[in-house]
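Trainee: Please pick one part of this model and take me through it slowly. I'd like to see how the pieces sit against each other.

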Amino acid sequence: MKFKLIEMTLKEVRDFGKVEVCVLPWGSCEPHNLHLPYGTDYFTVEKIAEISCKKANEKGGKVILLPGMPIGVNSNLFGFPLTLHFSTTTQLAILKDIIYALENHKIYKLVILNGHGGNEFKAICRELYGKTSVKIFLIDWWTVKKDEMLKLCEDKTGEHGNEAETSWLMYLYPELVHIEWADEGKVNQSRFQGIREGWVWITRPWHLLTTNSGYGNPKKANAEKGKKMIEIATDNISNFLLELSNEKIDEKFPY
Ligand SMILES: [Zn+2]
């Protein structure tokens with residue numbers, strides 16, 4: 001049974017029957033060191049959503065995968081050519097429209113599957129809370145069993161185009177990876193102690209932090225590590241989707 005909306009016909013949508021959960025993957029369009037594509041976060045999260053929905057539906061879930069959003073919050077990467085950016089206000093507007101559509105179709109469970117660290121959906125979810133009957137769930141997918149996933153990496157540092165992220169792409173889209181072009185993903189330290197220690201937060205100007213946008217050394221990445229990490233993430237996400245699909249919304253939901 002198909003579940004990826006943009007590939008379904010009206011007949012297939014009708015045959016699917018009652019939809020319990022919709023999953024919305026959200027990525028970004030930004031450089032990732034010299035060796036990964038601009039769509040890295042989008043490609044990864046979209047595929048993770050697809051695998052997770054498939055696993056949940058195979059166990060009886062009624063989960064539909066919505067078209068993914070390929071652009072995220074990225075104004076701090078404008079130092080690199082062709083970085084694209086949706087503001088948080090734009091994301092809120094898009095989500096309002098998606099929720100409006102879901103309400104019209106009497107679908108009341110939405111999972112945002114986020115693939116990009118700059119997308120801050122918590123404030124948006126709080127903004128929408130109480131204004132819709134759609135229950136919104138948020139998963140930053142790379143945080144799912146993060147310790148278990150990072151155990152598989154030799155270099156656990158870094159956060160962008162690093163060993164983990166490169167491994168995911170090597171497994172999912174090997175034809176888009178050019179590891180021989182990668183630099184070591186070294187970053188510059190701030191002149192301020194509080195920022196170095198992590199208790200002062202700033203929007204980091206990415207071209208001043210990094211050399212070629214990479215943060216973390218990707219050289220030890222491989223497809224086998226990527227496969228294991230993605231299995232951990234999708235096993236857990238699909239279990240949640242199935243649980244959510246099977247639960248009824250009552251007055252105490254989700255407690
Ligand atoms: Zn990324």
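Mentor: Residues count as in contact when their C-beta atoms, placed from the backbone, lie within 7 Å. We're looking at a predicted model, where local features need pLDDT of at least 70 and side-chain atom pairs count only at pLDDT 80 or more, while totals for chains, interfaces and linings use all residues. Residue numbers start from 1 along each chain as its sequence is written.

Let's start with a pair of helices. Find α2 at residues 40-58 and α9 at residues 223-246; helices here are DSSP runs of H or I with at least four residues, strands are E runs of at least two, and both are numbered from the N terminus. Axes are lines fitted to C-alpha atoms, for helices over the stretch in contact, and angles run from 0 to 180 degrees between N-to-C directions. So α2 and α9 are oblique to each other (under 35 degrees is roughly parallel, over 145 roughly antiparallel, 65 to 115 roughly perpendicular, and the rest oblique).

Now zoom in on who meets whom. From α2 come I48, I51, S52, C53, K55 and A56. Facing them in α9 are I230, A233, T234, I237, S238, L241, L242 and S245. Sorted by class, that contact has nine nonpolar, four polar and one charged residues (Ala, Val, Leu, Ile, Met, Phe, Trp, Tyr, Cys and Pro are nonpolar, Asp, Glu, Lys and Arg charged, and the others, Gly among them, polar).

Follow the chain past α9 and you get to P254. The peptide bond from F253 to P254 is cis, with omega near 5 degrees.

Look at β3, residues 109-114: six bridges join β3 to β4, and the two run parallel. There, K109 sits opposite K135 of β4.

Notes:
Two residues are in contact if their C-beta atoms, placed from the backbone, lie within 7 Å. Two strands pair if DSSP finds at least two bridges between them.
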